[in-house]
Amino acid sequence: MPIIDRVGRKSKNVKVLIVVMYISLSLGAVTMVYPFLLMLASSITSAIDMNEFRIIPRYLYDDEVLYRKYLQIRYGSIGTLNQYHRKDYMNFEERVEYKKEVLTGEKISLIKNWIEDIEEFKSQLPDNYKRILPVKTTKLYHEFLKKIYNKDRKLMSKEYQESIETFYDINPPLEYTHRLWKPAFTAYERDWKKFKDNLSSEYFKIVTTEGIWQQWLKGKYENDIGRLNKEWGANYSTFFEIKLEERMSGDNRGKREDWTKFVKIRIPLHWLEIDRASNKGLFCSYLEKKYKNINKLNKTYQTTYESFSSLNIPDLSTKDSSILWREYGGFVSDELPADAIRIITVENMHREFLRGKYKDIEEINNRYGTNYTKFDDIVIPYQKIDEYEFIRDKNKWKRYFITNNYEVVIGYILLKGRAGINTIIYCLAVVLTALTIHPLCAYALSRFNLKSTYKILLFLLATMAFPAEVAMIPSFLLLKQFNLLNTYWALVLPGFAGGFGIFLLKGFFDSLPRELYEAGEIDGASELRMFFKITLPLSKPILAHTALGAFTAAYGAFMYALLVCQDPKMWTLMVWLYEMHTWAPAYVQMASFVIASIPTLIIFMSCQRIIMRGIILPVEN
Amino acid sequence: MTGVENKKRRRGCGTASKVISLIIGMLLIYESAVEAITLRLGYVPKKHETSTQAKAERAILERFLELHPEIEEVKSSTGITIPGIASSDIVMMSMAAGLAPDVMYVNFRKSSSFIEQGFLYPLDEYIKELPPGYLEEKLHPKLWPIIKQKGPPDSNEHIYALPYGAPLVLGLQYRKDLFKKAGLDPNKPPKTWDEFYEYAMRLTDQEKGQYGWVIEIGMEGAWLFFNFIYQSGSEIVEQDKDGIWRAVYNNEKTVTALKFYEKLLKSKWTKDGKEYKGVILRTDRPWREWNRGKIGMTFSYIGGEGNVLDPDLIGVAPMFAGPYEIHGTEFNQTILGINGTIKDKIVRDVAWEYIKFRMGDEANEIVTSVYVETGEGKFVNPEFLKKFGYKEILEDVPKEWIEINEEAFKSEYLRPEPYGKNCDLIYYEFVEPMDMVSLYDNVHYREVLDKAAKHTNEKLLGYIEPEELKKRRTIMGVIVGLSIIGIIFAGIRTFKTVIIPMLKESVKVSSDERKIRKRKRLKIVAFFFMFPVLVSTLIWAYYPLARGMLMAFQDYKVTGASKFVGLDNFVMLFWNPVFWLAFKNTAIFTVLTLSLGFFAPIVLALLLNEIPKGTLLYRTIYYLPGLTSGIVILLLWKQFYDPSPAGFLNVLLKFFGLPVQKWLQDPKLAMVCTIIPGIWAGVGGGSILYLAALKNIPEELYEAASIDGASYWYKIRYITLPTLKILLITGFVGAFIGAFQSAGNILLMTGGGPLHATHVLALEIFYSAFIYLRFGYSTAMAWILGSMLIGFTIYNLKVIRNVRWAVTTK
């Protein structure tokens, strides 16, 4: 009951006091709720807007922010975005060009024409000029693996020749990115290829060759177009005008050198084309010069060639024909004259494609609403397309950013590890202990009036005096001796010794009416029956209380759970959460915090009555 | 030269032969001569890992397995990192758990401890197999003293570990784009301290959060700073003629290094009319800032692969020189040893085969080829590219990198990371001088260094003058003697006042014949009911206590051969200032926790009890944070405490126009900061208990008092308080014991720093046991902590003895 009585409440001073109370309570309430809301809000942000600390993240209502986030997901690094958009952005955090204007009917149809043609072009494009968009495809990939192996990990482990713990462990391979890339011809890559073949073209993006070329030149000339013009004897106004020609051309030495270096060293080999027949001899003599003896080469590559002249220029069609791919790389960069090389760029292929599809540049200008003078000037307007597609799928992307962090956490903790099952088993076992073993002992102490009751209680309680650290190391060694480390027993068994809980229960059992037991005895009920039929039902509140305490302790246990179960297979949710904290970005962590709070939230909601009503208080005897 | 692809193909044959050998093995199961061998490595990469380093490691492993079909399985032994502690440091636990890898990765600074503890197996018998001169050719001359040390089994010199890969030396890494923006020539990195300062200043743009250089708070920072000491011409440690290692950095040369560090951190300078302070950033997450492109220069190892850099963006240079033209820098290399606790000779042999293979040319060749194939060939040590015939890649390597690689190793001032006895502590002890200089002005440099060196030598490197030791042992003996008398005296008192009354409360037993028979039966039932708890208590509470008591008097070693050392553990800790500091901190922590954490729920309950409306709403809101569990709260607040101006709490402060704080990094604030999250989460839950008790007070009591004209204070004093008394006492004692023993929160939030400001006893126990492998010492400390609390525990028992627990219904 309130200390201030009803009469006192009417006085002015007390009224002021009560207002002050409300204000301080409300201020406190804000400090309680605000961090909580912030946690929720941050859990749906990404790297770009993480540090804005808004209760309502800006991208939910500001499309420009959403667009930057979209570009970051789509292109990954700012460098790649610059290659496609032909820009010099420093990062995603600051503004990027974004036209807010609503696209009108006509403009939309022009862009749609572009997209339609690009999709058609994409469907004809060879595999090595397309990249998979990582968003969403990883999930599809795992689903695909699960399907083809019929959820049988053993079968897959056999195929892949290594033990696979879960399907979610498998990452897609890195493809086509580096100079000497070649397929590995393993079951893993075979499955990956099969998966890709089933994907529709929306999951792919076209590579850019000219973008890489322009950024490379920018790096080389330190972003100074004047220097390049001087070297090349040209007069470009920006780097973005420079096309990558298929073959080395022109008389300028600087330009020829740059082209040669870029093509020989920077570009993946599989984008180059040389005349195999006429250069075979050169390739063979290159290897002969390098190895001198064919046996030396055979030893290196575990092959059985008879002579250098029986070698062919490698290609990527089969495993055997690709063995000497690395040598081919050396051959191209060291031996082959630059004018024998042709680089197939995706931009030129695109121009070629348009040439075949439309009869002249006017038709194209009409279709796209552009004003090109020749085919060679055509550049795919990635920026416009991105803007259009973004506006079209705006809500989809909003949804994606809201759910993505959660998907990462669930994928990593619940699906990859055994965190869920470990935590459930651990918590259940601990709660069960608190509901059976401890009450049973307390019952024995309370009910039977043993002479030694207090001696036993003292025995149980005395070790409370010593800090856990004294016993921690020996307990650990003991667990090891019993071979219990990395088992559920290690988590549960030491908890059987629960002095204080038993003391609390005994005190409560003492207060139960004796008459009930006497009646039970008269009916001939066994002690165990009385324990289950009389004691437990009457002690619901205190049992719920101890069980809840046991659950919270087990669920939140971290250090101990990690020390006795160092094997990741045995980690509980909290240990995984901590492990994630060591690498995951803050926004993913926030999502993991929210997820970790859900079980406690559910338990507390369902036990609310018990927590708020059946509170156990010590009363002096 | 062998390609990876071919290996993968031939691996198929390896598997087939494995399957066949397995079948044969099963057929011969009764006379099984072929035993399946499992080899545990620190890290086993999977095939589908995409980083080049993982791919290279995988390729090496596959080739190794191909050569050794007798190996059935390669397992990875995993660990977890604890804040401020590298995973490789938690060796003790994995050793004790039998989870340590068979092939152990060894840090230079840990080498002596590992050898002394018997973690490493002497390799002499295996080294005999190697062709003469092989090691001399392979090993960098600076490496010998680290791998060849005195140790078990006979205290003679043995080789305990061997290196792989290329030797590493610390160099300067810098961002060319930031250089250009600042108007610096990316091809001319700083060559002297003065230039380094000048460059750092030009690179700094504090409004954009951009700095010239970055240094981590704590041990990592000390590691970086040691290079300045080398450059100043001083050494960190030296071995005297008796072979004892001592810290020797307390000299005027190191003072110049410290002064230079202070200048980097604090000197005032102006740009565009604005005044700025400092040209470097001191943070707990330096790599995050570097990766965000906010840092101009950093130190990084040169020589190894795996450091994949964009040559257009990142420049590399040898370390600059100090005032005396000394280009001092750290030398390091990855070294591997065989786990000394392996019982099975076959496993040991296989572990050796792995080390030998990893060190050999074939492994290096595989690494090089994998890097070349993934297009990262230019990041491999140029020596390897030359050796294995990748001329074309060598041309792609920036010329400066090749030169640097040659130049960096030429320096006559290469210094291996300190590797003598207990040298893993050397960074730890140096954190203090660095924190002092960072946090305070007008520090007496020499004094700070002398103090650090003294601690390091005396307390950590285990060096005490013999006479002094004798004196201390005597004093300790007296102290222990007195304590024993005290404990016995207190014990008798306790026995009289608490235990005897408890025991006396035996129950009246009926003498009825029939009932006696029944009692006998009941006794058996009771025993069965109590059996699981009694046995568990004996095993999990009493036995560890007893064993712990023994350990406090031992120099305990997990690998066996623990010696009794009498009172030496106690001697060591009583003369260790860190112990006393931790003791003081524990007291501060306890007082703060109680004054904030104990009273907050009471005040909240009183407020909630008084307000006429809205109790339920407020109660629910205050309960909300308690719904998340422990570690979530800590990690959440750790995010909020981000000390950068972009951190949440700092953004909040700026909003109210207040100066930005360093939170957990500020020695004055750190302690409070570690306490607040717990209170935030616990105040709601705690108040519910008190609120229930307040509501339980019968209304009539207050009414009667009101009629008598009693004041509020009277009501609180004579009605409210007495009702809450038991709750308050048990709550207080519980909270006190809890606070005194608490370590978890601090470990996760600050790890004891800054400047030992949050270094509490329980944490010191944890560190000495699990990081510095001194179990005996740490158990001794745990006993002292326990005996300080025993009085409170007994008092608590005495109070709750008279208590009944009742469920409130309101």
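Predicted model: local features only at pLDDT ≥ 70, side-chain atom pairs only at ≥ 80, totals over all residues.
Residues are numbered from 1 along each chain as its sequence is written, chains are lettered from A and ligands numbered from 1 in the order in which they are written, and side-chain values use heavy atoms, with hydrogens and water left out.

Back to A:Lys151: its place is the loop between helix H5 (134–148) and helix H6 (153–160) of chain A. Helices (H or I, at least four residues) and strands (E, at least two) are DSSP runs, numbered from the N terminus. The phi angle of A:Lys151 is positive, near 60 degrees, although the residue is not a glycine. B:Trp663 also has a positive phi without being glycine, near 50 degrees in this case. It belongs to the loop between helix H26 (648–655) and helix H27 (667–696) of chain B, but B:Trp663 is buried, at 12% relative accessible area. Most residues other than glycine have a negative phi, and most peptide bonds are trans. With omega at about 0 degrees, the bond between B:Pro152 and B:Pro153 is cis. B:Pro153 sits in the loop that runs between strand S4 (148–151) and strand S5 (156–159) of chain B.

Next come the charged pairs. Over all chains, the whole structure holds 53 salt bridges, each being a side-chain nitrogen of Lys or Arg within 4 Å of a carboxyl oxygen of Asp or Glu. One of them joins B:Glu57 and B:Arg358, at 2.7 Å from N to O. This pair ties together distant parts of the chain, 301 residues apart: B:Glu57 is in helix H2 (residues 52–67) and B:Arg358 in helix H13 (residues 345–359), both of chain B. B:Glu57 counts as buried at 16% relative accessibility, and B:Arg358 is buried too, at 2%. In chain A, A:Asp197 and A:Lys193 form a salt bridge of 3.9 Å, N to O. These two are about one helical turn apart, because four residues separate them in helix H7 (residues 187–197). A:Asp197 is exposed at 52%, while A:Lys193 is partly exposed at 44%. A network of salt bridges links A:Glu116, A:Asp117, A:Glu120, A:Lys357 and A:Arg367.

Because 13 of its 15 residues are buried, H18(B) is largely enclosed by the rest of the structure.

Finally, B:Phe579 lies in helix H23 (residues 577–610) of chain B and is buried, at 2% relative accessibility. Leaving aside residues up to four places away in sequence, B:Phe579 touches B:Leu573, B:Leu761, B:Met781 and B:Ile784, where contact means heavy atoms within 4.5 Å.

Terms used
Buried < 20%, exposed > 50% of the residue type's maximum accessible area, 1.4 Å probe, protein only.
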